[in-house]
Amino acid sequence: DDSMMAKIQSWGWDMTTLTKKPKDWVEQELPVLDLPASLEPVGFLDVEVIQARNIPRVDILGSADPYVRVLCHGQLACTGVQKNTLNPHWAEILAVNIFDPRQTLHLHKLKIPDQMQVQLCSWKSTGKDEFIGTVLFSAGELCGGLDAKGVGEGWYDVQKERKTGGMEAVKASHSQSPCQLYLRFTYTAVPMEVRNTLGATPSLAPV
């Protein structure tokens, strides 16, 4: 809305630019890694999944059982499932640790993609859950902007990869309205002087 756009513009940066996919990114499942206990975070990111709207119909009843998965820096966290709705509300916070990819590669020989996927899926009682689409972020750019400006929030278009390549917006089944997620982000950086003494383990969802 207008008040949100005014708030974003007052920060001097537009969070929607962070969802643009670099040319070398592909829509592949980010790995969930066995992170060593000695790996210390440089910050903590809270992803509050507020709601979604205009989810396309994915089951024979013309509805969906949606939930959201956040994959970031080797970690996976999930919301609960909202049954039989195309406009779900969650208001759930998913917490992940943020690492320095260069440091993890240098000290631990562990390559962590500096990318975050916020995936929208629909639960199925049998078989594989339905993947609806995703919102892609550069974790470094997102956390850098949040570290400087505070909380960021807004509606984000859910996208999926075309069979012919590139990304396209996911649309509602009954109209051309874009499927969107409302997300709120809060980032807390670990002060340099305590990075060597502070560690954390995120609440991870079962894989």
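**View 1. C121 and C179, two buried cysteines.** C121 is buried, with a relative accessible area of 5%. C179 is buried as well, at 0%. Buried means under 20% relative accessible area, with a 1.4 Å probe and protein chains only. The model is predicted: local features need pLDDT of at least 70, side-chain atom pairs count only at pLDDT 80 or more, and totals for chains, interfaces and linings use all residues. Residues are numbered from 1 along each chain as its sequence is written, and side-chain values use heavy atoms, without hydrogens and water. The whole structure holds 0 disulfides (cysteine sulfur pairs within 2.5 Å). For C121, the nearest cysteine sulfur is that of C78, 7.9 Å away.

**View 2. T104 in helix 2.** T104 sits in helix 2, residues 101-108 (helices are DSSP runs of H or I, at least four residues; strands are E runs, at least two; both are numbered from the N terminus). T104 counts as buried because its relative accessibility is 1%. A polar atom of its side chain lies 2.9 Å from the backbone oxygen of P101. The C-alpha atoms of T104 and E40 are 9.1 Å apart, across 64 residues of chain.

**View 3. Strand 1 against strand 10.** Strand 1 (residues 43-53) and strand 10 (residues 180-189) run antiparallel, joined by 10 bridges. G43 has A189 as its bridge partner in strand 10.

Conventions
Buried < 20%, exposed > 50% of the residue type's maximum accessible area, 1.4 Å probe, protein only. Polar contact = N/O pair within 3.5 Å; in protein donor to acceptor, adjacent residues only side chain to side chain. Pairing = 2+ DSSP bridges.
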